Amino acid sequence: MAPLPFALDILAQGAWNGGERIGNAAYAGRGMVFKGGIPVTEETIEERIGVRTRVAAPEDVRIGAIALEELLAQPAVDPARIRVLIAATNIGEDKFDPGPASRALLERLAPRRPDLLAFDLYAGCPGFNVAVEALFQLALAGELSPGDLAVVVGAENVHRARAFKPLDTANLIFGDDAVATALAVGPGAGRSRPGRVVDERTLTAADDFVADIARALLPWAQEARLDGILVDNRLGRIECRVPATAARIQHALLEQIFPREAAAGEFRNFRAAFELYETYGAGFAFDIMAASAGPGVLRRLGCAYTASGRYRRVATVFLRPGEPVRLGLVEAAGPTPDAPACGVVDTLTRTHGCFAGFIEARFDEEGVFGFMDGKGVFLYATRGARPHLAALLGPRGLGLEDIDLLIEHQANFAMLPLTLEQLFAGGPHPPAQAVARYLAERMVVNIHERGNCSVVCMQRLPYDLERGALRPDTIQGFAVNRNLEALRRARSILYDSVGAGMTRSSLLRIRRDLGVGG
């Protein structure tokens with residue numbers, strides 16, 4: 001039997017490559033301290049987070065637009081073929097911009113494709129992975145046709161946005177970045193079909209609209225589990241998208257589904273809350289903000305999201321100020337299709353809204369700033385990897401050793417070996433040896449030079465690998481980037497990212513240009 005052709009694959013990338021490199025010396029002597037009263041110095045920054053420099057963009061530059069122009073200059077990218085434009089972001093270019101960021105990018109493409117489907121996507125740092133998952137579902141559902149292109153622009157201008165208070169040590173971690181990625185739709189598109197809307201409701205929400213929406217969704221969740229919550233969030237405020245409003249709705253819903261556990265405080269205990277979400281199978285929860293006026297984009301995306309068969313029931317929420325909230329329930333309309341043999345072959349996104357407070361935008365007398373619970377983020381990133389990746393890879397009979405290249409989100413270098421330690425626990429090799437070998441030979445690292453690139457990280461790492469911008473090094477005693485030539489030829493590539501929500505999203509890609517058909 002011939003292998004099934006690809007439905008979606010990465011075609012080309014373009015990036016903003018400017019900015020100023022800011023070394024650790026710029027932060028020493030400012031009075032900043034790490035938790036535990038440890039003074040911030042050049043040495044303690046590298047010891048704790050592995051960052052030596054980070055990139056800062058000029059304030060007058062729109063770095064996402066530059067990345068898009070660089071992509072459109074690639075010979076393989078024909079603007080007339082672009083059908084979807086996604087701006088994946090957290091803060092974007094300006095934390096006070098009500099959005100959507102995709103509207104400014106759309107102006108560049110709209111003359112060639114006035115029917116372009118354009119929206120922002122708010123899923124924390126995994127935004128690129130979630131965007132690829134959304135495009136994968138659209139392709140399988142036949143919403144995209146063979147030969148079409150889709151573009152994901154990731155852009156974060158953290159320094160311009162002044163995302164954190166001046167003495168917050170989160171300022172040490174993040175760097176500005178923007179990368180645009182074009183994805184091609186292949187002959188495997190349309191092998192499934194969209195889901196169908198089986199119920200719709202409206203409600204007039206009060207000030208606590210999250211709880212009101214969760215109560216309205218409860219009857220659907222009591223009939224059968226909801227595999228995802230998708231919100232078209234038109235509120236235009238950063239505190240409503242970091243974290244995604246969908247994540248807060250998800251948790252309010254889980255508290256109603258499990259009132260006894262909520263009353264007992266289980267959602268305030270990391271292990272108990274995580275296990276409860278995992279046992280229930282809470283699914284994904286993220287926001288979009290469509291550039292078009294009505295709920296049409298939300299409806300199309302919600303119906304497409306059941307196409308792969310991984311998600312069978314999805315709730316959609318259209319949320320715009322001054323209007324009743326519109327709810328929809330989408331159910332899968334057909335059998336689960338066989339997975340493609342190459343290109344993007346599978347994806348998985350899960351949100352644990354009980355941890356939404358780990359990364360969020362907060363208001364106080366000084367304005368609105370980001371807040372991070374470093375310990376909580378660390379726990380979620382490292383402890384959550386094993387069950388998540390087992391759910392993605394296990395049904396294919398794959399493990400981490402079967403992956404040629406792991407592209408792992410780089411929030412803090414120390415998370416990388418600890419995540420691998422969790423993944424290798426109980427394996428045939430001593431964890432310390434397996435971790436060091438895998439980190440050196442199967443992964444790429446750039447956090448020491450660029451900082452945490454947020455939503456752009458999943459795009460920047462393969463871009464820098466391909467153009468030869470990475471160099472062998474040693475960080476916190478670990479050898480990194482020691483197998484770059486072989487990794488450029490990697491056939492099986494796993495993208496794994498974690499961020500606000502809290503959300504983890506992963507995708508498995510099998511390269512088509514290395515002997516795989518389709």
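Leaving aside neighbours within four places in sequence, Phe-119 is in contact (heavy atoms within 4.5 Å) with Val-84, Leu-85, Ile-86, Ala-87, Ser-102, Ile-288, Met-289, Ala-290, Ala-291, Val-297 and Leu-301. The model is predicted, so local features need pLDDT of at least 70 and side-chain atom pairs count only at pLDDT 80 or more, whereas totals for chains, interfaces and linings use all residues. Residues are numbered from 1 along each chain as its sequence is written, and side-chain values use heavy atoms, with hydrogens and water left out.

Phe-119, Leu-135 and Leu-420 have the most contacts inside the largest nonpolar core, which has 161 residues. Such a core is a set of buried Ala, Val, Leu, Ile, Met, Phe, Trp, Tyr and Cys residues joined through side-chain atoms within 4.5 Å. Buried means under 20% relative accessible area, exposed over 50%, and partly exposed in between (1.4 Å probe, protein chains only). Helix α4 (residues 127-140) gives the most to this core, with 10 residues. Another core, of 28 residues, lies apart from it; Ala-12, Leu-116, Leu-149 and Ala-291 are among them. In soluble globular proteins, nonpolar side chains tend to be buried together.

An open sheet of 10 strands runs in the order β1-β9-β8-β6-β7-β12-β11-β13-β14-β10, with mixed pairing. Helices (H or I, at least four residues) and strands (E, at least two) are DSSP runs, numbered from the N terminus. Two strands pair if DSSP finds at least two bridges between them. The edge strands, β1 (8-15) and β10 (196-203), each pair on one side only. From one strand to the next, the twist averages 25°. Axes are lines fitted to C-alpha atoms, for helices over the stretch in contact, and angles run from 0 to 180 degrees between N-to-C directions. Helix α3 (residues 101-109) packs on the sheet and touches β6 (82-88), β7 (117-122), β8 (149-156) and β12. The direction of α3 makes about 150° with that of β6. Strands β11 (residues 228-233) and β12 (residues 284-290) pair in the parallel sense over 5 bridges. Val-231 stands opposite Asp-287 in β12.

Val-314 sits in strand β13 (residues 313-319). Val-314 is buried, with a relative accessible area of 0%. The C-alpha atoms of Val-314 and Gly-228 are separated by 4.8 Å, yet the residues are 86 apart along the chain.

Most residues other than glycine have a negative phi, and most peptide bonds are trans. A cis peptide bond joins Val-242 and Pro-243, with omega about 0°. Another cis bond joins Gly-501 and Met-502, with omega about -10°. Ser-454 has a positive phi, near 55°, and is buried, with a relative accessible area of 4%.
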